[in-house]
Amino acid sequence: MRRDPLHLLVSLARQKGDCFVYLPGKQQSFLVNRPEYVRQVLVERTETYSKETPANVGFGAHVADGLLTSEGEAWRAQRKLMRPVFAQRNVPAFTDVVSDVVGQTVRAWERAADDGKEINLSAEVSQLLFRITVIGLFRVDPADWGTRPTELLAAALPYVGRRHSHPTIRAARSVIRELADSVIAQHRERGGDPDDLLSRLIASGGPEADPVAIRDHVVTLALAGYTTTASVVGWACYMLATQPDVAEQVRAELASVAPDRPLTVGDLPAVPYLTAVIKETMRLYPPAWIIGRRALRSDRIGDMDIPPDSVVAISPYVLHRHPTYWPEPEVFEPRRFLDEEGERTRKPYSYIPFGAGPRSCIGANFALAEAPLIVGLLVQRYRMTLPNDVHVRPYGIFVLTPRPPIRASLTSIQRD
Ligand code: HEM
């Protein structure tokens, strides 16, 4: 299971149907793979299903105990405190950071493009998203820390969510905690905007204002924010590099809206094909490839009895390839998300890159603006090609991760 869980879960779903045991044992793990069951577990019976799975408990104990892992009253209070920060009205301030940081990054890539050198696109995109996320959320630039935090985190991600800690987790955790402490100290010195995330946590005065709790929130949000968006941006670049006709359609759309200037967030409604490319990337390569819950009491899903204490998992990766809901599920076809009829008739809960129900992603508004904007800015600037002898595959570790890392050559696009 640990070696290639994605492949295994997809083939088990083909053989065993929409609800089956994929890990037997004292604490059985079920996979449920039907929109009605997704609704039952994530939306309707939230009192029956908790987030206290072994993976989440491991994350809370060894990485950070924040909004991703909290439960009950503590979660409700945290979500209420943080919700306004992620509202649609705050997207433009966040995406200003995107435009700045992408601008700096593409200038830094210029040299590799001129010399015809390959870049490690996965590592570069992780670094880019880490900077954007930390500046966007906390107004502190982590550039002085160099690539160390993202390198340590990349090494630690395969071990995140295991029951026991691991030396690579401890190494990454100590650096990311140091960084979080420095972010908090700089915020205290500078005094932020009263409505920003840290000011709201500090002003709440309750348990969320405790220094360890604040540090855990910073670590949780930085990690949840950058690993997922880096995953989708990396996979979208990969799809565009392997499907040059799709890349050319995106480029033509961008040229009709912003022929002689970088794309902005205000342009996004006018470039629906670009947004469809991101949505289709998240269908085939959903960053959060598995969502787990623990049954607190017995339940029945379809014709299966779910005993108390079982793990019930939903895999957007498997669900998004379900042939009942997705014709030609393995084909990358962004037009699925352009076609009004397709959008209107899509079965609710068959497409869940951001989860569903009360625990769905708090950062979805930001991600849905950030990812197309970044990919659009990169497409405007470069044509990407991949080395032809390397086969990249998705691995389900903390987020869906390409292995080996994606490498690409860049060709600059001259603007007239
Ligand atoms: C493409 C990008 C993203 C994807 C695909 C994604 C996906 C998800 C999913 C599926 C969940 C639900 C997990 C569950 O039900 O157990 C979730 C929760 C969460 N996400 Fe995201 N996410 C993304 C971006 C972000 C960003 C940008 C942030 C913050 C800056 C963020 C912060 C969080 C947090 C804090 C939670 C926990 C919410 C709660 O339990 O109340 N995510 N995300």
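Author: The radius of gyration is taken over C-alpha atoms, and the globule rule is 2.2 Å times the number of residues to the power 0.38. The model discussed here is predicted.

Reader: Why does the radius of gyration of the chain agree with that of a compact globule?

Author: For 416 residues the rule gives a value near 22 Å; the chain has 21 Å, and therefore the two agree. Along the principal axes, the C-alpha atoms fill a box of roughly 65 × 55 × 40 Å.

Reader: What makes a residue count as buried, and what percentage of the chain is buried?

Author: A residue is buried if 20 or more other C-beta atoms lie within 10 Å of its own. Buried residues account for 43% of the 416 in the chain.

Reader: Why are strands S10 and S11 said to pair?

Author: Pairing requires at least two bridges; S10 (residues 393-396) and S11 (residues 400-403) have four, in the antiparallel sense, so the two strands pair. Three residues lie between them, and together they form a hairpin. Proline 394 of S10 stands opposite proline 402 in S11.

Reader: How is the packing of helices H11 and H12 described?

Author: H11 (residues 244-257) and H12 (residues 272-284) pack at an angle of about 145°, and their axes are 8 Å apart. Val246, Gln249, Val250, Glu253 and Leu254 in H11 meet Tyr273, Leu274 and Val277 in H12. These contact residues comprise six nonpolar, one polar and one charged.

How values were computed:
Residues are numbered from 1 along each chain as its sequence is written. This is a predicted model: local features need pLDDT of at least 70, side-chain atom pairs count only at pLDDT 80 or more; totals for chains, interfaces and linings use all residues. A residue is buried if 20 or more other C-beta atoms lie within 10 Å of its own, exposed if 12 or fewer, and partly exposed in between; C-beta atoms are placed from the backbone. Axes are lines fitted to C-alpha atoms, for helices over the stretch in contact, and angles run from 0 to 180 degrees between N-to-C directions. Two residues are in contact if their C-beta atoms, placed from the backbone, lie within 7 Å. Ala, Val, Leu, Ile, Met, Phe, Trp, Tyr, Cys and Pro count as nonpolar, Asp, Glu, Lys and Arg as charged, and the others, Gly among them, as polar.
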